[in-house]
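Open the model in your viewer and keep the selection tool at hand. The tour moves from one selection to the next.

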Amino acid sequence: MSVTAAQGFTAAGIAAGIKANGNPDLALVVNNGPRLAAAGVFTSNRVKAAPVHWSEQVLRGGTVSAVVLNSGGANACTGPKGFQDTHATAEKVAQALGGDFNAGEIAVASTGLIGVLLPMDKLLPGVETAAAALSADGGEDAAVAIKTTDTVHKTATVSRAGWTVGGMAKGAGMLAPGLATMLVVITTDADLDSATLDKALRAATRTTFDRVDSDGCMSTNDTVLLLASGASGQVPAYEDFAEAVRTVCDDLARQLIGDAEGASKDIRIEVIGAASEDDAVEVGRSIARNNLLKCAIHGEDPNWGRVLSAIGTTKAGFDPDRLNVAINGVWVCRNGSVGEDRDLVSMKDREVRITADLANGGESAVIWANDLTAEYVHENSAYSS
């Protein structure tokens with residue numbers, strides 16, 4: 001049930017006509033309280049979409065009563081008019097919901113083609129339609145409505161003793177974020193304040209969404225929101241809540257990689273023996289973004305030399321003559337040179353595991369990536385046409 005698995009939330013997903021193909025393209029998630037606490041993390045791209053600027057302002061107050069999301073247009077690089085359209089969208093949601101709702105507590109998120117104004121003559125009436133369709137069973141429809149190049153919608157839930165965390169995500173390309181990844185809404189009926197939500201969300205995204213590196217391209221629209229209704233009346237211990245949020249984020253992050261544009265392999269890159277976690281992450285990202293390696297993995301070629309060359313481009317501490325690399329459990333590189341026979345490596349399965357040992361300390365990190373395929377090139381060469 002996605003974002004409506006937790007008590008206190010209703011949602012809807014409808015076709016407003018934003019997408020030319022007529023598919024669902026507008027989602028609404030409403031927090032019915034009694035608590036309206038929220039936290040968010042956003043893209044670290046210096047070029048930010050209008051809804052990101054708007055929602056960052058909203059989140060400063062720590063209160064979010066509703067989130068409206070559209071696919072079919074990013075509303076990024078659209079100038080003052082784009083920001084006005086975002087404001088108008090939040091105002092429309094507040095009007096459609098009535099009661100005590102106000103635009104300053106409504107987050108907005110958009111995804112799609114950059115540099116194109118949204119069709120407000122379709123979006124605003126769509127808000128009214130979505131508001132009328134709100135339901136405690138509407139989570140799945142909302143998750144479907146935020147898809148762009150996604151082939152499947154993505155949801156996850158975790159239930160604990162008397163409280164729940166649920167979420168939805170979209171994303172299949174431009175998956176190399178800082179702090180977030182594409183569009184994600186997570187809800188909980190735990191009774192927690194915004195400061196607690198913020199702490200848990202940042203801890204979770206740091207080791208999940210921020211460790212997904214599909215194509216090295218950072219979106220202008222990345223948004224992850226965590227909303228708490230308090231409807232369960234339960235106040236879980238922070239450690240228990242943080243673990244549940246991380247579990248949901250990790251599940252969604254894996255689904256993003258599994259649905260990456262054109263991918264035929266999911267690549268788990270574990271860097272061990274690093275002097276610091278930052279070193280491990282830097283090395284992992286370098287390996288994840290090595291296009292030659294990604295092509296080799298698509299061809300099921302255990303070309304460990306490309307792993308070493310990627311490590312060598314980083315500032316991490318290591319001795320080249322002590323590096324070790326394993327592919328699917330076979331240590332094909334030992335001490336910076338030839339290790340076990342590469343013919344022992346089987347790469348037939350969807351998941352490929354690379355372990356890079358820097359032999360320079362006790363820290364580690366895991367980065368998820370995918371292979372580079374002709375389908376990826378084809379899909380992105382025709383994206384705006």
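Which residues of helix α9 (residues 304–311) are buried? Select W304, V307, L308, A310 and I311: these are the buried residues of α9. Buried means under 20% relative accessible area, with exposed over 50% and partly exposed in between (1.4 Å probe, protein chains only).

Before going on, note that this is a predicted model: local features need pLDDT of at least 70, side-chain atom pairs count only at pLDDT 80 or more, and totals for chains, interfaces and linings use all residues. Residues are numbered from 1 along each chain as its sequence is written, and side-chain values use heavy atoms, with hydrogens and water left out. Helices (H or I, at least four residues) and strands (E, at least two) are DSSP runs, numbered from the N terminus.

Look down the axis of α9.

Now show what they pack against: α7 (277–288), α8 (291–298), β11, β12 (330–334), β13 and β14. Contact here means heavy atoms within 4.5 Å.

Select α7 next. The axes of α7 and α9 come within 8 Å and cross at roughly 130°. That makes α7 oblique to α9. Angles under 35 degrees count as roughly parallel, over 145 as roughly antiparallel, 65 to 115 as roughly perpendicular and the rest as oblique. Axes are lines fitted to C-alpha atoms, for helices over the stretch in contact, and angles run from 0 to 180 degrees between N-to-C directions. Show side chains at the crossing: V283, S286 and I287 of α7 meet V307, A310 and I311 of α9.

Turn to the sheet. It is open, with 6 strands in the order β13-β12-β11-β14-β10-β15 and mixed pairing. Two strands pair if DSSP finds at least two bridges between them. Find the edge strands, β13 (337–338) and β15 (363–370); each pairs on one side only.

Zoom in on β14 (residues 351–357). It pairs with β10 (residues 266–274) in the parallel sense, over 7 bridges. Within β14, A356 is the bridge partner of V271, and I354 stands opposite I269. β11 (residues 324–327) runs antiparallel to β14, joined by 4 bridges. Here I327 has I354 as its bridge partner. Of the 7 residues of β14, 5 are buried, so the strand is largely enclosed by the rest of the structure.

Last, select helix α6 (residues 238–258). α6 lies across β10, β14 and β15, running at about 40° to β15.
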